[in-house]
Each structure stands twice: as C-alpha cells, then as structure tokens.
Amino acid sequence: MDALGPLCVGIDPHPSLLASWGLSDDVKGLEAFSQTVGEALADRVAVMKPQSAFYERFGSRGIAVLESTIRQLRSAGTLVLLDVKRGDIGSTAAAYADAYLDPAAPLCADAITISPYLGFGALRPIVEKAQQNGLGAFVLALTSNPEGAAVQRAVGAGGKTVAQAVIDEISQVNEGAAPLGDVGVVIGATIGPTGHNLTNLNGPILAPGLGAQGGRAEDLRVVFGDALGDVLPSWSREVLSAGPDVAALRAAADRARDVCAAAIAVTA
C-alpha cells in the first residue's frame with residue numbers, strides 16, 4: 001500500500017461481466033478475463049482479490065485458472081488476497097490452512113478471507129499457519145449484506161456484540177506486532193458508523209463495497225474514523241467494467257486509487 005497506494009481490486013468474473021467483455025461464460029472466457037486483468041493491473045495495484053467461487057463453478061479447470069492467476073499476480077509483485085471465506089474446526093481448518101497458506105500449495109495466496117462463526121478459536125490452525133509463513137487472514141466482522149447484522153450485531157452475555165468480540169480476539173493475536181499484525185478484519189464500506197471499537201485491532205481492515213455496490217471513498221472517514229490509516233479499500237465491478245481494454249482498466253484503477261488516497265489523506 002505504501003508503494004502502490006491504498007487499493008484492492010476484486011477479480012469477480014461473474015457471467016454478466018464476462019458477457020459485457022464479449023467473452024463466453026466458460027473456462028475459455030474465464031481464462032481470457034483473468035489474464036487481461038493480470039496484464040493490466042498486476043504491477044500497479046497493491047492487492048488483488050480473486051473471488052474463488054467464480055472459478056470453482058467451472059470445476060477443476062476453473063481451479064487451474066485460479067492457480068495460474070494467483071501465480072501471475074504474485075510473480076508481478078502484487079499481493080493476492082484470495083476471497084474464499086473458509087472456516088471450520090479441527091483438522092478441517094488445518095487442511096484449509098494447508099490449501100491456501102502453505103507456500104508449497106498450488107493455491108497459496110498472500111492472505112485469505114475467513115469466517116469466525118464456528119467460534120474464533122476454531123480458526124487457530126489458519127491463523128497460526130499464516131503467522132508461521134508470513135502470510136495473512138482477514139476475518140469477517142461487520143459485513144455490508146443486510147442479513148449479516150442479525151448475527152454480527154447480536155449482543156452476548158458480556159454486553160459485547162459478536163463482531164466486537166471477534167475484533168477483540170484479533171486484537172489479542174496482533175498485540176505487539178509492528179507495523180501491523182497478520183490478522184485483519186472485513187468491515188463493509190457501506191455500513192455507516194460502526195459503533196465498534198477498533199482502537200486496539202493493530203491489523204489491516206479490508207473495506208469492500210466501494211463503487212458499484214454504493215460505497216464512496218468519502219464514506220471511509222465516516223465508517224472508520226481514527227482507524228482510517230489501516231484501511232484497505234476494495235473496488236471490483238466499477239474498475240472491472242472498464243475492460244477489456246487494458247488502458248481503460250488501468251485508468252479506472254488509477255482513479256479508484258487516487259480518490260481513496262485523497263479520502264484517507266484528509267485525516268492523515
């Protein structure tokens with residue numbers, strides 16, 4: 001982020017986007033889409049976030065494209081945050097850690113998204129694997145989908161919301177790390193003032209929802225306040241819809257990066 005600016009671009013090759021690029025909704029179209037996005041943005045965007053589901057829907061051939069995309073992006077120096085939202089217990093959590101956070105694994109990324117709703121403690125194998133290998137994990141905390149509030153904002157016996165309890169658990173994992181710990185949170189850019197305390201998080205904050213999902217860069221100041229300097233804003237469709245022209249994709253990403261940097265700089 002220091003070198004390339006505060007921007008994460010999602011790679012979401014859903015059928016309507018493939019169609020708007022003039023591509024077929026099959027593995028061939030998926031491959032062409034991914035290669036073009038990589039060619040356009042791999043060396044100029046700090047973080048790229050492939051959405052695994054859009055590759056998984058094509059089975060093993062789609063996963064092969066995902067593997068190739070991760071390699072392409074990482075070899076160009078861009079960090080890859082694989083959006084898989086995994087979360088399980090015991091040996092299964094450990095297997096997910098091996099799949100995505102072991103440098104020898106074909107799908108190894110720089111970080112993944114994970115879900116804490118089987119209990120944050122169940123994520124220990126994933127968190128420990130990330131720390132062991134100098135990689136990261138972003139834990140769902142306050143997502144922008146309306147269904148999430150029923151769980152995430154539910155208040156437990158101690159008076160904390162579920163989301164605040166998750167944030168506090170992450171704070172303990174990241175305590176003492178510099179400049180930031182390996183475990184971050186996912187907090188939607190469209191949710192408005194959170195009412196949650198991020199003071200001790202000491203980790204990065206992924207903020208999806210900018211652009212086509214309705215979030216604006218200036219909203220970041222409202223949502224994150226004093227934690228703004230640790231925010232990684234994420235744009236997807238508004239940038240990707242500029243394709244398939246490589247120059248247009250680069251220009252769209254540059255615009256997104258610049259407005260995010262300006263919004264963050266206001267309170268820096």
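Predicted model: local features only at pLDDT ≥ 70, side-chain atom pairs only at ≥ 80, totals over all residues.

Strand β1 covers residues 8–11 and β2 covers residues 47–50; the two run parallel and are joined by four bridges.

On the other pairing of β1, I looked up strand β8 (residues 231–235), which pairs with β1 in the parallel sense over two bridges. Here V9 has W235 of β8 as its bridge partner.

Which way do the residues of β1 point, and are they buried or exposed? I recorded that C8 and G10 point one way from the strand while V9 and I11 point the other way, and that all of them are buried.

**The barrel and the helices on it**

I traced the strand order next and found that eight strands close into a barrel, in the order β1-β2-β3-β4-β5-β6-β7-β8, with parallel pairing. From one strand to the next I noted a twist that averages 30°.

Helix α4 (residues 59–75) packs on the sheet and touches β1, β2 and β3 (79–86), and I wrote down an angle of about 145° between its direction and that of β3. I also looked up helix α11 (residues 246–265), which lies across β7 (205–210) and β8 and runs at about 150° to β8.

**The α5 and α6 pair**

For two packed helices, the description I need is the angle between their axes and the distance between the axes. The axes of α5 (residues 90–101) and α6 (residues 124–132) come within 7 Å and cross at roughly 30°. The crossing in which α5 passes α6 is right-handed.

Which residues make the contact? From α5 I listed G90, A93, A94, Y96, A97, D98 and L101, and from α6 I listed P125, I126, K129 and A130. Sorted by class, this contact of α5 with α6 holds eight nonpolar residues, one polar residue and two charged residues.

Note on methods: Residues numbered from 1 in each chain as written. Heavy atoms only, no water. Axes fitted to C-alpha atoms, helices over the stretch in contact; angles between N-to-C directions. Left-handed = near helix turned anticlockwise from the far one by under 90°. Contact = heavy atoms within 4.5 Å. Nonpolar A, V, L, I, M, F, W, Y, C, P; charged D, E, K, R; others polar. Buried < 20%, exposed > 50% of the residue type's maximum accessible area, 1.4 Å probe, protein only. Pairing = 2+ DSSP bridges.
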